[in-house]
Amino acid sequence: MNDALIPAGSAQSPAIELQPQPLEPVPLEVASLVKRFGQVTAVDGISLALSSGECLGLLGPNGAGKSTLIRCIVGRALADAGRITVFGFAVGTSEAREALGWVPQELALYPRLTCGENLAAFGRYHGLSGSKLAQSVTWCLEWAALGDRAGDLVKNLSGGMKRRLNMAAGIIHRPRVVLLDEPTVGVDPQSRNRIFEMIEALRAEGTAIIYTTHYMEEAERLCDRVAIIDHGRIVAQGTNRELIQNSFASRSQVLARFAGPSDEIAAWVERHNGRLVDGAAQFTIEQSTQIAGLLDDAAKAGLELVDVSLRRPNLESVFLHLTGRELRD
Amino acid sequence: MIIPIVRTALMALRRDRPALAMSFILPIGFFSIFAVIFGGQHNSTAKIKVILVDQDRSRASLELAKGLEREDSLVISTRPSFKDKGAAPDYTAAAAEAAVKAGDAPVALIIPAGFGQSPISFGGAQTGPAIQLLSDASDMIAPQMVGGLLQKAAMTAMPAAMAEQGMKYTDQYVGGLTPEQRKIMSGNLEQLRQIESRLDAQADGTAPAHSAQGSADSGGLVAVKVRSVVGENKNGNMISFYAAGIGVMFLLFTASNSAGALLEEAESGTLDRVLSSRVTMTTLLAGKLAFNTMLAFAQLAVMFLWAQAFFKLDLFTHIPGFVIMALCTAFAVAAFGMVLASICHTRAQLGALSTLVILMMSAIGGSMFPRFLMPPAMLKAGLFTINAWAIDGFTKVFWRDLPVSELWPQVGVLLAVGIALFLIARRIARRWEYA
């Protein structure tokens, strides 16, 4: 029999061509995670997955359970239930430890060591040595824009520099999954932008990132997807657009400020199903024509309009809509 | 406005429990320790162990031995106590000297052969061989006490010898109570008074009978020759004792302070970050223990080098013993510091607890005053401190010139204590491992 006459796809075809390529394990998978501290359930059945090069934002107010979730992932808190895997390896295994990089909220550095010494110390703790360690330290210093500060003591750095070094210490072993726990706390806008650039550079290299914050603008700028967390649960998850679409569809928000007695303003806002946020009345409307009706009613109630604006809902609006609370409660 | 300030300070103190404890417990603890040692609040006065070697075996020497045995403040030993009493041979002069050198007893008395022929003398007219008092120069009190009690025993326990010697004196100097004899006796009494005056003058202006070179004490009824068998050729008399005592106390403070870095790291989150790497808690604690041991060893080395340079301590001829003792002490002390750090939750707590525990340990363990001053119960309590074992070991090396092989009890205890304390610290440190 002539092999050339065998039709493609028949049983005689070489088997190797038919086998599917093995799938790359998911960088991070969390399933039904529960963590309790006494009577308090800090993480209540959270599930999520993270792809390579993806940045997932965990958005929620202080005490929502973001940091506890991160600590469970990094192995510093033992979950009461659920499962966490890093590239298929259970959390706590050496493979998982090496694949994970953690930037804690605190400045977890040695204040009496220099920037370079700090990075070298944490590199050694991850098993780096020799030229590999030196290269990694140099790379991290450049990444954090601290190349000219390698010999400076940490205690002499500015707040923003300390934050950047704190991040560099978390990725000194070049992990493929990085957990950033509110890395911009207490830094000025300039340093914050620098930190954003650092994170974007990591993501461009294919690093999977979890980024916890209670700043909506940060989540909108950096994250491909956002999980909104409240009371230890993910109340909504998706892209920025999906979250807004699911909560508001095509509706818009009207923000109006009034002069007058605050109790009268509050009563009027409540009558019209609005909310007072930072002193501004906030209403969700289907059509822009509803604005005129609202303002006319306010005038009849004796409220003096100071200013009014129309905007598309954002993540903060979504959080408020879903939880009834502000992000920065 | 003074009352609100007092009130605020009182509220702050009430909430700062370590400071509160320091304010009351530490002074009470220290007062109690000093009261027990020096205040006579205990029933058992420190008894002095005396090794007695009777080479004479005469009636007078046996009576003197009985008199010494009746003294409450002395424990007379004629044979090694660790052997079976029935089978153990009595101490010889050489064995007694070796026992004093080894620190088994601070004093040994050797009654020489021929003592009984002329046991006592009046006014320093020594005719027979003198009793030898062998002493350990590190204990400055015991030889003097034993010397005094020896004279007391001679007065009370040898009436026959006293009477016999009195008769001899009567025959020798008086010969009958005729006017002429009275004249002779008065003359001799005057002579005795002159001798007494001369001896008093010597006692006022010179060192006591006990000295490093040894001396013949001719001022008493019984002639005694005092000889230091330990420390007689030492340059720095008690330097090694103080170097070890003070050194260990400050080592304990340094070790607890250094171990306190663990608390700072826990507070700053650095500990969490380290434990999220390849480093486990056991590795981390072992690393800290190794560092603190090296630090403590370096401290001891510097202190003994200083003593060598400025106080003529003979360090370089005792290097092996020093290295062994310093390493074991440093290890135990480092582990002790880690236990303190792991028990505490804040630096303030650690500061208070370490001050309390270390000062107490140092007082009981002999860092502040020599242990031979302590009553038996306190001596036993001292064995529960690192200080006592370390000081005993350094004393063996520098004072008694004992070989390294003799250090095994101290080395064994310090290493065992270090290991046990490290395991305890590891156990307590579990609270940092996971939330």
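A residue is buried if 20 or more other C-beta atoms lie within 10 Å of its own, exposed if 12 or fewer, and partly exposed in between, with C-beta atoms placed from the backbone. By that count, buried residues make up 37% of the 435 residues in chain B.

Some ground rules. This is a predicted model, where local features need pLDDT of at least 70 and side-chain atom pairs count only at pLDDT 80 or more, while totals for chains, interfaces and linings use all residues. Residues are numbered from 1 along each chain as its sequence is written, and chains are lettered from A and ligands numbered from 1 in the order in which they are written.

Let's stay with chain B. Its secondary structure comes to 17 helices and six strands. Helices (H or I, at least four residues) and strands (E, at least two) are DSSP runs, numbered from the N terminus. Next, contacts. Two residues are in contact if their C-beta atoms, placed from the backbone, lie within 7 Å. Of the contacts in chain B with a separation of 6 or more, 77% join residues 24 or more positions apart.

Chain B is divided into domain 1 (48-230) and domain 2 (235-433). Those bounds come from an automatic or database domain assignment. Nine residues of domain 1 of chain B are in contact with eight residues of domain 2 of chain B. On the domain 1 side, five are nonpolar, two polar and two charged. For the classes, Ala, Val, Leu, Ile, Met, Phe, Trp, Tyr, Cys and Pro count as nonpolar, Asp, Glu, Lys and Arg as charged, and the others, Gly among them, as polar.

One residue in chain B: Leu379(B). Its place is in helix H14 (residues 376-382) of chain B. Is Leu379(B) buried, exposed or partly exposed? Leu379(B) is partly exposed, because 16 other C-beta atoms lie within 10 Å. Not counting residues up to four places away in sequence, Leu379(B) touches Arg371(B) and Met374(B). Gly365(B) is 14 residues from Leu379(B) in sequence, and their C-alpha atoms are 8.0 Å apart.

Now chain A. It has domain 1 (28-244) and domain 2 (252-312). The C-alpha centres of these two domains of chain A lie 40 Å apart.

How do the chains meet? 19 residues of chain A are in contact with 13 residues of chain B. Helix H2 (94-99) and helix H3 (115-125) of chain A each supply at least two residues of the chain A side. That side has 11 nonpolar, four polar and four charged residues.

H3(A) also packs against helix H5 (residues 159-170) of chain A, at an angle of about 25°, with the axes 9 Å apart. So H3(A) is roughly parallel to H5(A). The crossing of H3(A) and H5(A) is right-handed. Who meets whom? Cys115(A), Asn118(A), Leu119(A) and Phe122(A) in H3(A) meet Leu165(A), Ala168(A) and Ala169(A) in H5(A). By class, that contact has six nonpolar, one polar and no charged residues.

Last stop: Gly116(A), also in helix H3 of chain A. Gly116(A) counts as buried because it has 20 C-beta neighbours inside 10 Å. What does Gly116(A) contact, leaving aside neighbours within four places in sequence? Val137(A), Leu141(A), Ala150(A) and Gly151(A). Gly147(A) is 31 residues from Gly116(A) along the chain, with their C-alpha atoms separated by 9.1 Å.

Terms used
Axes fitted to C-alpha atoms, helices over the stretch in contact; angles between N-to-C directions. Parallel < 35°, antiparallel > 145°, perpendicular 65-115°, else oblique. Left-handed = near helix turned anticlockwise from the far one by under 90°.
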